[in-house]
Amino acid sequence: MSDALLDSILSTLLPGDADWPSAGSLDLSAAVRADCEAAALAAILGALPPDFAAGDADARESALRAIEAAQPAAFERLVAAAYLAYYTEPRVRIVVERLTGYAARPPQPLGYALEPFDEALLATQKRRAPFWRRA
Amino acid sequence: MSASDVLIVGAGASGAAAAWRLAASGVSVTCLEQGGWLDQRSAPSLGADWERALQTAHNANPNIRRAAADYPVVDDDTPIKPAVFNGVGGGTLRWGAHFPRMHPSDFRVRTLDGVADDWPLAYDELAPYYEINDRIMGVSGLAGDPANPPREARPLPPLPLGPGGGAMARAFDALGWHWWPSDSAIASAPIDGREGCNHCGPCGVGCPRHARASVDLTYWPRALQAGATLVTGARVRRLIADRKDRIAAVEYVDAAGTAQRAVAKIVVLAANGMGSARLLLASASRAHPAGIGNDHDLVGRCLMHHPTAIVTGVFAARLDGYKGAFACALLSQEFYETDRARGFVRGYQMQLVRGSGPVATALGGYMARVPWGRDHHRRFRSEFAHTVSLTVTAEDLPEPDNRVTLDPVARDGAGVPAPRLAYRVSDNSRRILDHGIARASEVLRAAGAVDVVVNPLASAAGFHFLGTMRMGDDPARSVTDRWGRVHGTDNLYAIDGGVFVTSGAVNPTPTIQALALRSADHIAARLKEAA
């Protein structure tokens with residue numbers, strides 16, 4: 001199997017647009033192979049029509065949807081591996097940061113700032129009588 | 001190995017608590033743990049690949065994680081897949097640290113509601129142990145919750161709610177429903193050498209600040225200081241009974257792969273409700289042909305989980321739910337107690353769960369997976385950092401056909417048969433979940449959700465294995481007595497969630513640990529009396 005064929009699959013799953021790179025443009029094929037069970041990947045590749053990579057976007061999407069319907073478990077493994085590779089790719093994390101404000105860094109050691117708990121929020125609840133059942 | 005007064009199998013939530021309590025009482029204690037220590041100071045959340053770790057090496061499911069310390073779990077006959085961890089700390093290494101107590105009514109379900117069985121003890125008997133446990137685990141929260149009996153001032157103030165939690169609190173108020181900040185085993189400020197939480201989010205990969213409590217950080221340092229011995233890499237194969245009523249030794253394989261025997265006056269099983277039941281069943285002998293404690297075919301039966309639905313609201317506003325401890329913010333116990341007009345008996349808790357990182361959002365951790373294809377990026381942006389979820393945690397009642405057995409084929413690395421799970425969600429539990437889904441949807445919409453997505457049964461929610469060695473006064477209807485001693489044996493106890501008679505509708509760890517402390521006091525008193 002060529003990287004080009006897997007890249008065309010990845011770009012159908014996660015196409016590019018003005019903001020996002022396509023998954024097939026990010027050299028993710030090795031990571032996807034590592035994360036996707038070999039038998040599942042082989043089953044998907046074996047079910048592709050011979051002219052899959054040459055087809056237009058509509059044709060590729062139709063082909064994959066047919067495979068997904070026929071082999072949902074194997075296809076799900078491929079999708080999960082593709083998402084894992086895509087959203088852990090630094091170039092994608094930079095896009096996520098630009099579009100959503102989610103910092104392209106690990107959660108630690110900096111963590112995040114949150115306002116402390118405001119006990120005034122409990123004013124209504126504090127007026128309520130205990131309602132647990134005595135036993 | 002030299003003999004100890006007490007030999008504990010399992011270094012998780014219950015084993016650690018008992019080891020400390022016994023050692024602090026002057027009892028010689030040894031604990032066998034099949035896993036090792038986890039270095040939380042170098043947790044994956046410090047690196048770029050933390051989300052990959054959550055899906056792989058730190059995956060909650062041992063069948064996916066496949067670590068050396070794990071054993072396989074045959075799970076093709078249950079919709080709820082196992083989420084357990086092996087190592088010093090057990091499940092607390094991987095948990096969300098939500099820390100509610102059971103209610104007084106949970107111990108009296110037969111008397112109050114005519115179902116299942118009462119426990120052989122009452123809430124008031126456990127209350128002092130809950131307090132001890134809360135102090136050692138370093139609980140953040142606020143006393144005064146009208147849904148629960150009074151309790152001591154919490155050691156630390158509540159964790160922040162975040163924007164999503166604040167919106168939900170106001171929505172619960174608007175509907176006239178209960179909410180309260182969660183008791184959380186996460187330090188909101190420094191305590192006992194642990195730093196305060198900095199709201200990084202993924203508690204499940206371990207906490208490099210040690211803010212999230214796990215018993216490798218709380219109980220084990222105290223237990224070791226008090227003289228307890230902890231043997232890691234020790235995979236227990238079976239209990240050896242020299243008489244019908246006595247355990248003579250525990251056979252295990254050490255870290256070097258060598259078979260060993262450990263002896264003690266008293267043996268304590270603390271390997272969770274699946275692992276401990278498995279050991280009892282795997283210890284069949286001429287004296288115990290169906291397994292130890294299994295003369296009435298009850299070991300492994302009445303398995304209870306907490307069937308969980310997850311209801312997620314998608315909001316137009318940014319909520320930044322990836323900030324903050326994922327499982328700890330607030331809870332609602334408005335529908336916890338029985339009201340038969342609702343069409344079921346017993347009840348449920350709603351627990352706020354914050355959002356996820358990009359990978360988990362795309363994979364649909366709490367919702368459906370974000371669709372692939374040309375609409376993917378739009379959907380991802382509408383969901384990421386724009387959601388808040390409520391779990392609906394149902395009280396599961398004991399059903400004999402829900403059970404742990406031994407698989408005839410699969411075995412672990414030491415040759416011990418793998419546990420096989422057989423489980424169905426009961427009609428009552430399903431009705432509880434459906435009611436909870438409707439109420440959770442209502443409150444999410446009241447908070448302003450523009451869309452509500454329902455996961456009617458979370459498959460990855462097999463955290464809690466309860467009831468497989470249930471307590472009771474009648475040996476024909478229970479496996480263990482009111483102290484956790486296995487009926488028909490003199491020196492074998494179980495102290496993990498397997499001894500639960502009913503499940504309550506809350507996360508069970510505080511109750512498991514309170515029971516373990518109480519059993520430890522009983523065992524220490526017995527040993528003192530015998531001396």
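How are α6(B) and α11(B) oriented relative to each other? In this predicted model, the axes of α6(B), residues 162-175, and α11(B), residues 427-446, come within 8 Å and cross at roughly 110°. Angles of 65 to 115 degrees count as roughly perpendicular, and α6(B) and α11(B) are therefore roughly perpendicular to each other. Their crossing is right-handed. On the α6(B) side, the contact is formed by Met168(B), Ala171(B), Phe172(B), Ala174(B) and Leu175(B), and on the α11(B) side by Glu442(B), Val443(B) and Ala446(B). Seven of these residues are nonpolar, none is polar and one is charged.

**Helix packing**

Two packed helices are described by the angle between their axes and the distance between the axes. Two further pairs can be set out in these terms.

| Helix pair | Angle between axes | Distance between axes |
|---|---|---|
| α1(B) (13-24) and α12(B) (509-530) | about 35° | 8 Å |
| α3(A) (38-47) and α5(A) | about 105° | 9 Å |

The crossing of α1(B) and α12(B) is right-handed. From α1(B), the residues Ala13(B), Ser14(B), Ala17(B), Ala18(B), Arg21(B) and Leu22(B) take part. They meet residues of α12(B) that include Thr509(B), Ile512(B), Gln513(B), Ala516(B), Ser519(B) and Ala520(B). By class, this contact of α1(B) with α12(B) comprises ten nonpolar, four polar and two charged residues.

In chain A, the angle of about 105° between α3(A) and α5(A) makes α3(A) roughly perpendicular to α5(A). Here Ala40(A), Leu41(A), Ala43(A) and Ile44(A) of α3(A) are joined in contact with Ala74(A), Phe75(A), Arg77(A) and Leu78(A) of α5(A). The contact of α3(A) with α5(A) has seven nonpolar residues, no polar residue and one charged residue.

How many of the 16 residues of α5(A) are buried? Twelve are, so α5(A) is largely enclosed by the rest of the structure. The buried residues include Ala74(A), Phe75(A) and Leu78(A), together with Tyr83(A), Tyr86(A) and Tyr87(A). Of these, Ala74(A), Phe75(A) and Leu78(A) also belong to the contact with α3(A). At 1.5 Å a residue, the 16 residues of α5(A) should span 22 Å, and the end C-alpha atoms are 22 Å apart, which agrees.

Elsewhere in chain A, helix α1(A), residues 3-13, has the buried residues Leu6(A), Asp7(A), Ile9(A), Leu10(A), Thr12(A) and Leu13(A). Their cover includes α2 (29-35), α4 (57-70) and α5 of chain A.

**Loops and backbone geometry**

Most residues other than glycine have a negative phi, and most peptide bonds are trans. Against that background, three sites deserve mention.

The peptide bond from Gln108(A) to Pro109(A) is cis, with omega near 10°. Pro109(A) lies in the loop between α6 and α7 of chain A.

Asp27(A), which is not a glycine, has a positive phi, near 55°. Asp27(A) sits in the loop between α1 and α2 of chain A. Asp297(B) likewise has a positive phi, of about 55°, although it is not a glycine. Asp297(B) is placed in the loop between α8 (272-282) and β10 (308-314) of chain B. Are these two residues buried or exposed? Asp27(A) is exposed, because 12 other C-beta atoms lie within 10 Å, and Asp297(B) counts as exposed with 11.

Gly484(B) is also a loop residue, located between β16 (451-455) and β17 (492-494) of chain B. Gly484(B) is buried, with 28 other C-beta atoms within 10 Å. Leaving aside neighbours within four places in sequence, Gly484(B) is in contact with Met471(B), Tyr493(B), Ala494(B), Ile495(B), Val499(B) and Ser519(B). One of these, Ser519(B), is also among the α12(B) residues that meet α1(B). Gly484(B) and Ile247(B) are 237 residues apart in sequence and 15 Å apart in space, C-alpha to C-alpha.

How values were computed:
Residues numbered from 1 in each chain as written. Chains lettered and ligands numbered in written order. Predicted model: local features only at pLDDT ≥ 70, side-chain atom pairs only at ≥ 80, totals over all residues. Axes fitted to C-alpha atoms, helices over the stretch in contact; angles between N-to-C directions. Helix = DSSP H or I, 4+ residues; strand = E, 2+ residues; numbered from the N terminus. Parallel < 35°, antiparallel > 145°, perpendicular 65-115°, else oblique. Left-handed = near helix turned anticlockwise from the far one by under 90°. Contact = placed C-beta atoms within 7 Å. Nonpolar A, V, L, I, M, F, W, Y, C, P; charged D, E, K, R; others polar. Buried ≥ 20, exposed ≤ 12 C-beta atoms within 10 Å, placed from the backbone. Expected span 1.5 Å × (residues − 1).
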